[in-house]
Amino acid sequence: MRWQHDFFAIDTPRNPSEVKRSANDATVSYSFITASLPRESFPVSSRMRAARDAFEGPRRACSVYDNSGADDPFLIEMILKELLPTRSIFAGPENILLTARTQHALHMIAQVRMRPSTQVAFEDPGDPDARHGIPRSGTRLFPVPFDKDGLVLDAIPQAADLLYTTPSHQLLGNVSMSTPGKIRLHQMAAATGKVIIENDYDSQLRFIGQSSAPSAANGVDNVIYVRRFSKDLGAICRDAVVAAHADVIAAIRDCRRCQIRNLSGHEQRALAHFISRGGYERQIRSLRRIAKRRWQSCNRLVSRFLARWDMPPSSDGETCGSARREGLIPSSSPPGCGAENWSTNPVGFSSTIWKTGAASSSSAFF
């Protein structure tokens with residue numbers, strides 16, 4: 001049946017193929033998608049214990065009660081004490097809000113901060129979900145290039161009102177901005193009245209060196225900081241954290257109430273117990289070990305089958321890139337590996353997807 005009524009003939013943007021995924025990713029050995037958690041790493045016992053504890057005694061009230069738009073105070077406490085300080089962010093409960101993943105956070109930020117006249121500077125290339133989601137508010141995106149040091153700050157348009165960036169681990173370029181670069185970014189935004197939307201993508205998963213503090217570590221008055229849990233805990237936990245000025249948080253909270261009211265009380269309380277008992281920190285350490293093992297295997301494969309290619313040192317330990325020599329593309333795939341895709345990103349590196357039991361993509365395991 002085809003809709004004929006004019007009301008349903010609104011020209012709304014459709015999701016492009018690059019953000020669509022198959023429905024059977026959970027049934028294949030190597031799904032090659034972001035946020036695909038290594039099955040052997042999932043903390044089944046500790047997660048089940050935390051979920052059970054969330055129903056015990058007086059905690060049950062927090063799990064089953066509709067708290068009229070408020071977030072679980074115990075989870076907010078754990079985020080403020082255990083998670084954000086590891087990223088040098090110190091804030092109060094009035095600066096924190098929970099959302100249903102990063103996409104939900106960005107959608108609500110667009111609702112409360114963006115209008116058709118708003119101009120948003122955006123990493124090019126950048127996060128596909130954000131690139132296609134933000135313009136739904138009618139906002140115009142201005143592409144900003146990045147190089148080996150991250151976002152090219154001098155290329156940010158003066159007229160931009162907001163800036164969306166993933167400086168700790170640039171998506172899709174996989175480069176990390178230095179601490180001086182982030183400080184300069186924060187200072188530039190403060191001086192020109194711009195608001196930074198900072199997605200702290202993958203910062204906690206580095207196993208080479210340590211991720212520099214985000215721009216939000218310099219204050220959240222002109223930064224909206226977003227961090228998700230699904231990359232660490234899989235689809236079982238869709239929560240994400242937004243840290244921003246209290247007025248911004250209040251506006252987003254009002255927007256959230258009109259959409260989903262609040263997140264699952266039980267999921268919040270279970271996550272709080274999981275964090276408080278060290279389960280989340282153990283999970284991060286486990287993911288780092290797996291990533292390091294697979295990254296080393298991927299490097300060995302590249303050295304073995306692509307001896308004529310240079311291997312630049314990784315700045316984050318999460319990605320494996322090879323610089324092409326003589327512009328040659330292999331005519332056949334290495335035995336047992338099945339190289340299926342070659343591409344060159346703006347930083348000048350090429351990456352390939354290896355179908356092996358040791359490495360699952362150009363990222364260490366996602």
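Buried means under 20% relative accessible area, exposed means over 50%, and partly exposed lies in between (1.4 Å probe, protein chains only). This is a predicted model: local features need pLDDT of at least 70, side-chain atom pairs count only at pLDDT 80 or more, and totals for chains, interfaces and linings use all residues. Residues are numbered from 1 along each chain as its sequence is written, and side-chain values use heavy atoms, with hydrogens and water left out.

**Exercise 1. The whole protein**

Task: State what percentage of the residues in the protein is buried, and how many helices and strands there are.

Solution:
- Start with burial. Of the 366 residues, 49% are buried.
- Now the elements. The protein has 10 helices and 11 strands. Helices (H or I, at least four residues) and strands (E, at least two) are DSSP runs, numbered from the N terminus.

**Exercise 2. Helix α3 against helix α9**

Task: Describe how α3 and α9 pack, and list the residues that meet.

Solution:
- Two packed helices are described by the angle between their axes and the distance between the axes.
- Helix α3 spans residues 73-83 and helix α9 spans 265-276. Their angle is about 35°, and their axes lie 8 Å apart. Axes are lines fitted to C-alpha atoms, for helices over the stretch in contact, and angles run from 0 to 180 degrees between N-to-C directions.
- Next, the residues. Contact means heavy atoms within 4.5 Å. From α3 come F74, L75, M78, E82 and L83; they meet Q268, R269, L271, A272, H273, I275 and S276 of α9.

**Exercise 3. Helix α4 and R101**

Task: Compare the span of α4 with its expected span, then find R101 and its phi.

Solution:
- Helix α4 (residues 101-113) has 13 residues. From first C-alpha to last it reaches 18 Å, close to the 18 Å expected at 1.5 Å a residue. The expected span is 1.5 Å times one less than the number of residues.
- Buried residues in α4 include T102, H104, L106 and I109.
- R101 sits in α4. Its phi is near 75°, positive in a residue other than glycine. R101 is buried, at a relative accessible area of 15%.

**Exercise 4. Two loops**

Task: Locate R261 and P125, and describe the backbone at each.

Solution:
- Most residues other than glycine have a negative phi, and most peptide bonds are trans.
- R261 lies in the loop between α8 (246-259) and α9. Its phi is positive, about 70°, although R261 is not a glycine. R261 is partly exposed, with a relative accessible area of 29%.
- P125 lies in the loop between β2 (119-123) and α5 (128-133). The peptide bond from D124 to P125 is cis, with omega near -5°.
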